[in-house]
Amino acid sequence: MRTENRHFDNPLTGVRNLGILAHVDAGKTTVTERILYATGATYKRGEVHDGTTVTDFDSQERDRGITIFAAAVSCDWDGHRINVIDTPGHVDFADEVERSLRVLDGAIAVFDAVAGVEPQSESVWRQADRHGVPRIAFVNKLDRTGADLDLAVESIRARLHTVPLVVQLPIGQEDGFTGVVDLLRMRSLVWSDGCDTFEDGPVPEDLQDEARRRRRLLEEAVAELHPIALEEFCAQSTVSAQTLTAALRDLTLAGDAVVVLCGSAYRNRGIEPLLDAAVAYLPSPLDVPAVRGTVDGSEQARAADPSAPFAALVFKVNATPTGRLTYLRVYSGTISRGEAVLDVQARRTERVGRILRVQADRHAEVERAVAGDIVAVVGVKSARTGATLCAPAAPLILEPPTVADPVVSVAVEARRSIDTDRLASALARLVEEDPSLRVRTDRETGQTVLSGMGELHLEVATEKMRRAHGLDVSVGRPQVAYRETVSRGVSGLVYRHVKQDGGAGQFAHVVLDAQPLDAAEFEGGSGSAVDFEFASTIVGGRVPAEYVRAVEAGCRDALAEGPLGGNPVTGLRVTLTDGATHPKDSSEMAFRTAGRLALREALRACAMVLLEPVAEVTATVPEDAVGGVLGDLAARRGRISGSTAQAGTAVITATVPLAELFGYASRLRSRTQGRGTFTSRATGYAPVPSGVLSAMPSR
């Protein structure tokens, strides 16, 4: 354990805000547990299979053996304060990862030494790319049968399109894995069974040639990417450990390469070097660009300075039996207990009652928090996830985390009518804690509809209502979020809106073209801005600009319900080609109404296509079960895109409509005698085949 005091000119230099990212079952929670144990934050190693981990403290997480909610913990290593967020690895909880990445400075990506890069590890890597979060990689489970560091590294290179720089060489293979060779210091680190610390020694004789070869490859790879290392390499035909360390840090912070370490978290081997690498290569709050926000429409930067005006972002809200916890990343300034803060979006000033240093579900009260800290506060009642809290005298709005559109819905209702009000309250609490959940009332059926990111996401949410709120709820079969698009458009549709009911009337005359977006422009119903385009070719002022904007607003209103089944319309380009006004009766309201009704009429005249959400499914099954699994996927309208054999198992990749995946986990377990697993991630939308469309019930 290294917790000695070190002096930093700026205390923020000794802070690391890190996330643990991985595919489900790659071992990230075990890595987090071993980090806490190695740093002395805990005195007993928690195990996922025993339900004794610090970060998976929720009863559902312990029952299911997976991480569902992002959990923050803190520890000290080598004089540094390390704030760690253990993130979920299941695709249904990708929004938890998104919110965490928004407030992190760096990350440790954990990969399975047998499977290499898996679908969700690729997804979270792309999320980190979007946020510009520097990463190092830890290839875990080197003690497993079939573990291969080189294959795992090659999958990182091929699938993540980055440059992996391996700084360790394993000692022993599979069950005989005992330690690593540090290629920078050219020393061996060996962990004996039953020992919590490693023995530092010379490189074993049988690995010296291989260690020298790999050190040379590392020097050449770094020299190709870093000018100072290249200069030293050309002058001396080698690169010193000190220069390599500095170059690896520069390359990591710039995102030009990723440092790769290895080990076995379950056996507590490789954790101390991983902590050293996190401190050496990943950024402090001072190493990342100053956070930027808006003030009265103008952009402003706030540096990570405790003396600057206070600004913090709310990235998580959690209701506990003892009160409401609001989790903050403090970007600038200092906040003390009892101070007032401004919730800019709510335009409300609140007082911070307590400030807590978080250790998953346990908390230690502190007097203040400064720039760079991740803490929870009590007393803030209105702030939602994504809200900015700041000094009342220096308002600033920070960019909130993005929230993905839900793709699966279920109808929920209380089994007892007297619980209806309690159900509404419980649903409101769920949405407050998890913004990726949505609640609405179906206008046709009157049902309460809960929408989320997947079947497991909704299952967890409804189970939470039962456990936390004592509600007995019934859940209807999930319904997926369909979309409608245009396959053949119409041109020159004329619509005249005239209304006269006493007093000032309404008059608007518009001529529209409605055409499908080109495939290159259309994002497939992703909900992005390019799923709808509006343009005007009117010249000469026949329709004033403010009326053109009103027509666009009306068209956007009409996109909410398509003619096939009342689903949102996407992939459409509307062009306003002509129009006319009345000197007295024309108004923005009249043209907005005309735009809405004109597009509705145009869509009825277009050839429309119903789109359904599809997901990429990766199923890992025994070789003797491949035939049955392929047949089942085909019965679910799946399109097989790949199948590879790997150590007695087959990995099958297919694209399957999301509507056909409900209950697939149970079916797969049944077909493979409990040995098959699968993961899925939403990939977009695809047309519903005509045969399936005719069999669907009308809405």
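Is Glu463 buried, partly exposed or exposed, and what is its relative accessibility? I shall return to that residue after an overview of the protein.

Colleagues, this is a predicted model, in which local features need pLDDT of at least 70 and side-chain atom pairs count only at pLDDT 80 or more, while totals for chains, interfaces and linings use all residues. Residues are numbered from 1 along each chain as its sequence is written, and side-chain values use heavy atoms, with hydrogens and water left out.

Let me begin with the overall form. The protein contains 16 helices and 38 strands; these are DSSP runs numbered from the N terminus, helices being H or I with at least four residues and strands E with at least two. For 699 residues, a compact globule would have a radius of gyration near 27 Å, and the 28 Å of this protein agrees with that. That radius is taken over C-alpha atoms, and the globule rule is 2.2 Å times the number of residues to the power 0.38. Along the principal axes, the C-alpha trace spans about 95 × 65 × 65 Å.

Of the 699 residues, 54% count as buried. Buried means under 20% relative accessible area, exposed means over 50%, and partly exposed lies in between, with a 1.4 Å probe and protein chains only.

I turn now to the salt bridges. The structure holds 48 of them, each being a side-chain nitrogen of Lys or Arg within 4 Å of a carboxyl oxygen of Asp or Glu.

The opening residue, Glu463, is partly exposed at 21% relative accessibility. Glu463 forms a salt bridge with Arg466, and their closest N and O atoms are 3.5 Å apart. Both belong to helix H11, residues 455–469, where a spacing of three residues separates them by about one helical turn. Arg466 is also partly exposed, at 32%.

A second pair lies in helix H6, residues 208–225, where Glu219 and Arg216 are likewise three residues apart, about one helical turn. Their closest N and O atoms are 4.0 Å apart. Here Glu219 is buried, with a relative accessible area of 3%, whereas Arg216 is partly exposed at 34%.

Arg337 is partly exposed, at 38%.
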